[in-house]
Amino acid sequence: MKAMVQRRYGEPEVLELREIDRPSIRDDQVLVRVRAASINPGDWATLRGEPFVARLASGLLAPRNPVGGMDLAGTVEAVGKNVTRLRPGDEVFGQGNGTFAEYAPALEKNLVHKPAGVTFEQAAAVPVAGMTALQAIRDVGAVKAGQQVLITGAGGGIGTFAVQIAKALGAQVTGVCSTAKVELVRSLGADRVIDYTREDFTRGGLRYDVILDNAGKRTLAEARRALAARGTLIPNNGQFEHRWLASLPTVLWASLLSLVVTQRLRPLLSLPDTARLLALKDLLESGKVRPVVGKTYPLSDAGRAFAEFGQGHALGKLVLTV
Ligand SMILES: NC(=O)c1ccc[n+]([C@@H]2O[C@H](COP(=O)([O-])OP(=O)(O)OC[C@H]3O[C@@H](n4cnc5c(N)ncnc54)[C@H](OP(=O)(O)O)[C@@H]3O)[C@@H](O)[C@H]2O)c1
């Protein structure tokens, strides 16, 4: 099968399209014929081997798994003997291993059926970004109807889902993004859009009940200025520019500070979760959430897609078609 292979850490140039063996599957796994796979900040970290702390999981000197990618949408090719819910031919989306390839293994519990009206490209945009947004807005932020919610990075992967989920929960949503994304964020249902090149949300005077900070360009102290006395701040940026520990110091500081102030500071770790994936499937089917696919690239152009992603200003999700 064709796969985008990475033998060492580095810039997007280290990615090479190669012919390799199809992966085998365990009894609890499904082999998916990948039709589309999207790029997440975690894939960028794996490509570069930074933050270095992440190499404890991905391989110290070179990536242990030469094929990257987590998000996928495709067709079930084969199932392990303990798989009960899925069958060959089913159209699915979710998370697998090494999805920048024609075939990828995935645990059955990390896949759900793809709604018929959603394309493979759209479905592949959902898993990591959609689940993180849902966890942040619905579960950690516990957003309620009528609350004031502010989302930074509103035109990016997580932000585009978070705006729509917060609106679906009945919140008054303010999105923060660059000039080029203002119209998109408005079209996703944001009640107010702040162009960060012109206005500083931390100095606007408004106090929000929940702030989801995907962009991470402001310190905790600055973001807290815009947070209600009993509001919740979710610092969610990976801060990969800090090459050793990334956002770990911020996460620890936020958790400590939260013990002594009335505001809740709640970093989160997003992990695959069947219930959240099913909830997203419902949101897609009801039309309350539509994935924003900013651009698609063929798998063979993954290097160009990663180069664009690495600039940090992609519109919605970048998707590879396989
Ligand atoms: N907690 C977890 O488990 C978890 C899971 C996944 C991802 N993450 C983290 O979540 C963050 C966002 O991920 P993503 O997939 O949404 O990334 P993304 O698609 O790259 O989106 C980031 C967005 O931020 C915008 N941005 C940049 N500077 C900004 C600023 N000053 N103010 C407002 N927006 C700004 C960018 O576009 P514009 O500048 O054009 O507006 C871009 O749309 C990443 O740092 C990632 O590491 C955390």
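Modeller: Happy to! Let's start at Val32, which touches Leu72, Gly74, Thr75, Val76, Glu77, Val92, Gly96, Tyr103, Ala104 and Ala106, leaving aside residues up to four places away in sequence. Touching here means that C-beta atoms, placed from the backbone, lie within 7 Å. Keep in mind that this is a predicted model, in which local features need pLDDT of at least 70 and side-chain atom pairs count only at pLDDT 80 or more, while totals for chains, interfaces and linings use all residues. Residues are numbered from 1 along each chain as its sequence is written.

Val32 also belongs to the largest nonpolar core, which has 89 residues; Val32, Ala124, Ile151, Ala162, Ala166 and Ile211 touch the most other members. Such a core is a set of buried Ala, Val, Leu, Ile, Met, Phe, Trp, Tyr and Cys residues joined through C-beta atoms within 7 Å. Buried means 20 or more other C-beta atoms within 10 Å of a residue's own (exposed is 12 or fewer, partly exposed in between, with C-beta atoms placed from the backbone).

The largest share of this core, 7 residues, comes from helix 4 (residues 127–140). Helices here are DSSP runs of H or I, at least four residues, numbered from the N terminus. The core also draws at least three residues from each of domain 1 (2–126 + 291–321) and domain 2 (128–265), with bounds from an automatic or database domain assignment.

Among the buried ones are Val128, Ala133 and Ile137. Its axis comes within 10 Å of that of helix 9 (residues 274–285), and the two cross at roughly 95°; axes are lines fitted to C-alpha atoms over the stretch in contact, with angles from 0 to 180 degrees between N-to-C directions. That makes the two helices roughly perpendicular, a label for angles of 65 to 115 degrees. Where they meet, Pro127, Gly130, Met131, Leu134 and Gln135 of helix 4 face Arg276, Leu277, Ala279 and Leu280 of helix 9. Finally, just after helix 4, Ala142 takes a positive phi of about 45°.

Terms used
Two residues are in contact if their C-beta atoms, placed from the backbone, lie within 7 Å. Angles under 35 degrees count as roughly parallel, over 145 as roughly antiparallel, 65 to 115 as roughly perpendicular and the rest as oblique.
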